[in-house]
Amino acid sequence: MSLNDYRAIFAAVFLILVLAAASPTLNLIITWPTGERFSELWVLGPMQMATDYPFNVRENEHYNISLGVGNHMGDLEYYVVYVKFRNQTEQLANVTAGTPSSLKALCEYRIFLSEGETWERSITFSFSGVIFNDTVCKVSRLDFDAFHFQLNKTTSWNGENTGYFFQLFFELWRYNSTISEFQFHNRFVSALLNMTRTS
Amino acid sequence: MHYYHRKISVVVLFVVFLSSCVFSSSAEPSDVEAQVVLDNVGALLNRIYLAISEAETAGANIAKLKVNVNHASDLLAIANARFSTGNFSGAVDSALQANESLKGMDQEASKLTIAAREERSRRFQWAILESSIGVSLVVFFVLTGWIYFKRRYVKRVLKMKPEVHRDEP
């Protein structure tokens, strides 16, 4: 090997060692690229699996689902999950347009989550005051966890899918510190429920 | 600034609640009064979120604060649920409990932010010192090594005897 070859080897070793020696400072200055930032929202069945979701529901029976939120936004986030209930004709959130449902929330969950954290809660709900009248089903009351909501919500018989359908859905909102307001985070999950007669 | 905002909101909150109890014909707060209390606690929670978020960005350990603030947010959620079922006094009770558990949290978050920033600044100074010493040592040893190696290399080359090859016809 010639002297120039040795010089190149020394230069490479020098560069590597300088970078290693400067790494404590470089680590504090350089911001490493992060992955995609997103939030999770999920609803699971009673066994905390994506199966056995309550579908055919009856008056005065209790049903369990599990609701979860995950934060992968890179920082501490302040979320609100709004719980809403609709019949087949009422507006659902529109993810394509990024708009929430115009329905009033029955209740909410407020959650502070750091990056990488998840929150999960088991929810129990039941219906009472269910009246079937010709082709219409009316639900008077929803018991959701410890709360009792007067609904007086009606739905018509759906001949195509054969059922009286309602939907319990959860919208994820996130606090936007720039505008100091909660904004719909373009995510919602739901449980489709077919109200059936008590035999 | 946050401290004074919070003080004002707490004062407004209690004035509204007490006036509803003392001056109205019934002890039950109206929906408007309950809504004001709920809005104030909601605004306080938003401000505390910003303070905690700032502390976390500064590198503070916010685990304890988060437990308290999640407890307060649960209470506010209960207050809102009670409000939507028409239980206004229950809603105000829960909102005031949330307000109570948020007491002093913005100051706590500010203290953590300042401490974290000081710690970060100290760490940065140490890192610069460590890097400076490290780079100086690298420069010294690599240069010394190169000079030593080069001398040995040149000496070795000079000691070499030329080989003479006879050209074959």
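Mentor: Start with the largest pocket, about 470 Å³ in volume. A pocket here is an open set of points on a 1 Å grid over the protein atoms alone, where a 1.4 Å probe fits and protein lies on both sides within 12 Å along at least five of seven lines. Points join across faces, edges and corners, and the volume is the space filled by probe spheres set on them.

This is a predicted model, so to speak: local features need pLDDT of at least 70 and side-chain atom pairs 80 or more, while totals for chains, interfaces and linings use all residues. Residues count from 1 along each written chain, chains are lettered from A and ligands numbered from 1 in written order, and side-chain values use heavy atoms, without hydrogens or water.

Twenty residues line the largest pocket, and Tyr82(A), Glu108(A), Arg110(A), Gln35(B) and Asn80(B) lie nearest its centre. A lining residue has an atom within 4 Å of a point. The elements that give two or more residues to this lining are strand E5 (107-113) of chain A, and helix H2 (31-57) and helix H3 (63-84) of chain B. H2(B) gives the most, with six residues. Helices (H or I, at least four residues) and strands (E, at least two) are DSSP runs numbered from the N terminus.

Now look at chain A beside that lining. Ala105(A) sits in the loop between strand E4 (77-87) and E5. Ala105(A) touches Tyr82(A), Val83(A) and Lys84(A), leaving aside residues up to four places away in sequence. Contact means heavy atoms within 4.5 Å. Tyr82(A) is also one of the residues nearest the pocket centre. Ala105(A) has 21% relative accessibility, so this residue is partly exposed. Buried means under 20% relative accessible area, exposed over 50%, partly exposed in between (1.4 Å probe, protein chains only). From Ala105(A) to Ser39(A) the C-alpha separation is 21 Å, across 66 residues of chain.

Stay on E4. Glu77(A) and Arg174(A) join their side chains in a salt bridge, at 2.6 Å from N to O. This pair links distant parts of the chain: Glu77(A) is in strand E4, Arg174(A) is in strand E9, and 97 residues separate them. A salt bridge puts a side-chain nitrogen of Lys or Arg within 4 Å of a carboxyl oxygen of Asp or Glu. The two partners differ in cover. Glu77(A) is buried, at 4% relative accessibility, whereas Arg174(A) is partly exposed, at 25%.

Next, chain B. Five helices and zero strands make up its elements, which run α-α-α-α-α from the N terminus. Chain B has 169 residues, and 36% of them count as buried. Take its contacts between residues at least 6 apart in sequence: 78% join residues at least 24 apart.

Arg117(B) lies in helix H5 and Glu54(B) in helix H2, so the pair ties together parts 63 residues apart in sequence. Arg117(B) is partly exposed at 46%, and Glu54(B) is partly exposed at 38%. H5 of chain B also contains Ile128(B), which is partly exposed at 36%. Another salt bridge joins Glu100(B) and Lys103(B), at 3.3 Å. Glu100(B) is partly exposed at 42%, but Lys103(B) is exposed at 51%. Over all chains, the search finds eleven salt bridges.

Back to chain A for its backbone. Most residues other than glycine have a negative phi. Asn152(A) has a positive phi, near 50°. Asn152(A) is in strand E8 (residues 147-156) and is partly exposed at 49%. Thr162(A) is not a glycine either, yet its phi is positive, about 45°. Thr162(A) falls in the loop between E8 and strand E9 (164-176) and is partly exposed at 48%.

Finish at Tyr53(A). Find Tyr53(A) in the loop between strand E1 (38-44) and strand E2 (56-57) of chain A. Tyr53(A) is partly exposed at 35%. Beyond residues up to four places away in sequence, Tyr53(A) touches Val43(A), Leu44(A) and Gly45(A). Ser66(A) is 13 residues from Tyr53(A) in sequence and 9.7 Å away in space, C-alpha to C-alpha.
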